[in-house]
Amino acid sequence: METFFTAQALTRAIEAIVAAGGSEPAEARLVADNLVTANLLGHDSHGVGMIPRYIDAVLEGGLLPNQHPKATLDTGTLLALDGCKGYGQSIGREAMQMAIERAKHSGCCIMTLGNSHHLGRIGHWAEMAVAEGLVSIHFVNVISHARVAPHGGRDARFGTNPCCIGVPLPGEPPFLLDYATSAVAQGKLRVAHNKGEKVPPGRLIDPEGNPTTDPRYAVVPPFGAMLAFGEHKGYGMAIASELLGGALTGGGTWHYEESSKQRVLNGMFTIVLDPRQLGTAAAFEREARLFLDWLRKSRPAPGFDRVRIAGEPEREMRERRSRDGIPVDEATWNEIVTAADKLELARSRVEALARGE
Ligand code: NAD
């Protein structure tokens, strides 16, 4: 069963839980806004369902409220930051503000961010840069649990390592490509498991390495493994994310048998570029326009109404969910109010806020 919440009321409820975990009001608001935005865009895997995990991480000491990124190098075009295990929603925002400011001044900024807690939807960070007319490219690793098997391997060795590319476009909303390099995001398997649904073939293997459609193998022990998208191609991107997001940022790579810790650390390698300063702005605008017009003239394949570019499905979902509300399944909601219990925040208070009272 699902309950529908308005974005505003759900934000208030989540904000109250994060604040009860020790965050200043501004941070609690940022975390709640970020998670609810992921739900609004249709990425429930990175929405309010993350809260129980965050609260467990706070209680364990693996996620530290009220942190700010610390610069270990800042030459203007090179910026190295330590995320100090702080909430990715505020660390990521401050880190991107710094990179954007430097890219506007110098034409580009390569920013490494290690040791941040979960950065959520990586597209959120590219959106900050494209809103300023900048290109934004991200490679991210995940220090949490090994969940994805290498191409040719049968056991999990690394995380869902997302990549994201945001490009501002003339006369229309940006191209926003943002996905996990696993065939499906870990959180989507959690959502499928909570809803009692199967996942399509080609996403998962069981603990013996056999193909399976049961999401439990990604959510509860005994664990199997997820597969990378596109066989050796997605696998290669996942390794690039580990090398750039994990090793080069100094945040660390995944090379452990297992971890019982609840914290999810991300390392993010980012390139922010000002296309206006390359001297090709006129050609960029003309050629991007010509290509997109050409692309959209493709005849729709069976089952499709039209060709879309990355970013469009999320904007369509935002429109729908802003109108109809955000669905949260019963298991996820129970986990959220249980997180409030752990902080001695009355669940009746959380439920009243979520109803808009
Ligand atoms: P996904 O498989 O839903 O793919 C989303 C991308 O594909 C978007 O860019 C979307 O616009 C594009 N897309 C979808 N349908 C399309 C169509 N018909 N035509 C053109 N483009 C289309 O994404 P995912 O792998 O499930 O990842 C979901 C989110 O999880 C992402 O925001 C990612 O950053 C996030 N994530 C975060 C972490 C972390 O540790 N912080 C780890 C993994 C994933």
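**Entry 1: helix H12**

I began with helix H12 and noted that its buried residues are Val350, Ala352, Leu353 and Ala354, where buried means under 20% relative accessible area, exposed over 50% and partly exposed in between, with a 1.4 Å probe and protein chains only. I am working from a predicted model, in which local features need pLDDT of at least 70, side-chain atom pairs count only at pLDDT 80 or more, and totals for chains, interfaces and linings use all residues. Residues are numbered from 1 along each chain as its sequence is written, and side-chain values use heavy atoms, with hydrogens and water left out. The helices (H or I, at least four residues) and strands (E, at least two) that I name are DSSP runs, numbered from the N terminus.

I then looked up what the buried residues of H12 pack against, and found strand E1 (2-5), H1 and H11; contact here means heavy atoms within 4.5 Å. Just after H12, I noted that Gly356 takes a positive phi of about 90°.

**Entry 2: the nonpolar cores**

I looked next at the nonpolar cores, each a set of buried Ala, Val, Leu, Ile, Met, Phe, Trp, Tyr and Cys residues joined through side-chain atoms within 4.5 Å. The largest has 34 residues, of which Ile17, Ile51 and Trp333 touch the most other members. The elements giving two or more residues to this core are helix H1 (7-20), helix H2 (25-40), helix H3 (51-60), strand E12 (326-329), helix H11 (330-342) and helix H12 (347-354). I also recorded a second, separate core of 23 residues, which includes Leu79, Ile91, Ala126 and Leu134.

Thr338 and Pro52 are 286 residues apart in sequence, and I noted a C-alpha to C-alpha separation of 7.6 Å in space.

**Entry 3: H2 and its two helix partners**

I took H1 against H2 and found that their axes come within 8 Å and cross at roughly 140°; axes are lines fitted to C-alpha atoms, for helices over the stretch in contact, and angles run from 0 to 180 degrees between N-to-C directions. That makes H1 oblique to H2, since angles under 35 degrees count as roughly parallel, over 145 as roughly antiparallel, 65 to 115 as roughly perpendicular and the rest as oblique. On the H1 side the contact is made by Ala7, Leu10, Thr11, Arg12, Ile14, Glu15, Val18 and Ala19, and on the H2 side by Ala28, Arg29, Val31, Ala32, Asp33, Leu35, Val36 and Leu40.

I then turned to H2 and H4, which pack at an angle of about 95° with their axes 8 Å apart, and that makes H2 roughly perpendicular to H4. Here Glu27, Leu30, Val31, Asn34 and Leu35 in H2 meet Gln89, Ser90 and Arg93 in H4, and the contact has three nonpolar, three polar and two charged residues by class.

I looked at Ser90 separately: Ser90 lies in helix H4 (residues 88-106) and is buried, with a relative accessible area of 5%. Leaving aside neighbours within four places in sequence, I found Ser90 in contact with Glu27, Leu30 and Gln67.

I placed Leu64 in the loop between H3 and E2, where Leu64 is partly exposed with a relative accessible area of 33%. Apart from residues up to four places away in sequence, Leu64 touches Cys84, Lys85, Gly86 and Tyr87.

Asn66 is also placed in the loop between H3 and strand E2 (70-74), and I noted a positive phi of about 65° there although Asn66 is not a glycine. I found a positive phi of about 70° at Asn115, which lies in strand E4 (residues 108-117) and is partly exposed at a relative accessible area of 22%.

Lastly, I looked up the cis peptide bond that joins Pro221 and Pro222, with omega about -5°, and placed Pro222 in the loop between helix H7 (216-219) and strand E10 (225-226).

Notes: Nonpolar A, V, L, I, M, F, W, Y, C, P; charged D, E, K, R; others polar.
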